[in-house]
Amino acid sequence: FFTIAISTFNRKEILEISLEKIFDSIKNIEDKIEVLVVDDCSKDETKSLLDKYKKNHPTIFNYIISEKS
């Protein structure tokens, strides 16, 4: 089991591309992987993107949003 961790700040578009590529790559090994995104108080629509991925991949996707930058 391993974790793919990504930190982000106001990079919704780039994050979305990265997550799409990650999830395409792990289709056959999802039971061995966790994807974790740490958001540093983004002001763009990053939170809505994270919510979408959490809804679509509830068992392997998690995120943390920092309270302070």
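What follows is a conversation about a predicted model of a protein.

Colleague: What makes up the secondary structure of the protein, and in which pattern?

Modeller: The protein has two helices and three strands. Along the sequence they follow the pattern β-α-β-α-β.

Colleague: How much of the protein counts as buried, and what is the accessible surface?

Modeller: Of the 69 residues, 30% count as buried. The accessible surface comes to about 4,700 Å², and carbon and sulfur atoms hold 52% of that.

Colleague: What share of the contacts with a separation of 6 or more joins residues 24 or more positions apart?

Modeller: The share is 75%.

Colleague: Which residues of the largest nonpolar core touch the most other members?

Modeller: The core has 14 residues, and those touching the most other members are Leu15, Leu19, Phe23, Ile26, Val35, Val37 and Phe61. Helix H1 (12-25), strand E2 (33-39) and helix H2 (46-56) each supply at least two residues of this core. H1 gives the largest share, with four residues.

Colleague: What does Phe23 contact beyond its neighbours within four places in sequence?

Modeller: Phe23 is in contact with Glu30, Val35, Tyr53, His57, Ile60 and Phe61.

Colleague: Why is Ile60 called buried, and where is its place?

Modeller: Buried means under 20% relative accessible area. Ile60 has 7% relative accessibility, so Ile60 counts as buried. Its place is in the loop between H2 and strand E3 (61-65). Neighbours within four places aside, Ile60 is in contact with Phe23, Ile26, Glu30, Ile33, Glu34 and Val35. Leu50 is 10 residues from Ile60 in sequence, and the two C-alpha atoms are 13 Å apart.

Colleague: What is phi of Cys41, and is Cys41 buried or exposed?

Modeller: Phi of Cys41 is near 65°, again positive in a residue other than glycine. Cys41 lies in the loop between E2 and H2. Its relative accessible area is 12%, under the 20% cut-off, so Cys41 is buried.

Colleague: How do you know that Phe1 is exposed?

Modeller: Exposed means over 50% relative accessible area, and Phe1 has 72%, so Phe1 is exposed. Phe1 is found in the segment before E1. Ile17 is 16 residues away from Phe1 in sequence and 24 Å away in space, C-alpha to C-alpha.

Colleague: How many charged side chains are there, and how far apart are the centres of the two sets?

Modeller: The protein has 11 positive and 13 negative side chains, with the centres of the two sets 1 Å apart.

Conventions:
Residues numbered from 1 in each chain as written. Predicted model: local features only at pLDDT ≥ 70, side-chain atom pairs only at ≥ 80, totals over all residues. Heavy atoms only, no water. Buried < 20%, exposed > 50% of the residue type's maximum accessible area, 1.4 Å probe, protein only. Contact = heavy atoms within 4.5 Å. Areas by Shrake-Rupley, 256 points an atom, 1.4 Å probe, with all protein chains shown as cover. Lys, Arg positive; Asp, Glu negative; His and termini not counted. Charge placed at Lys NZ, Arg CZ, Asp CG, Glu CD. Core = buried A, V, L, I, M, F, W, Y, C linked by side-chain atoms within 4.5 Å.
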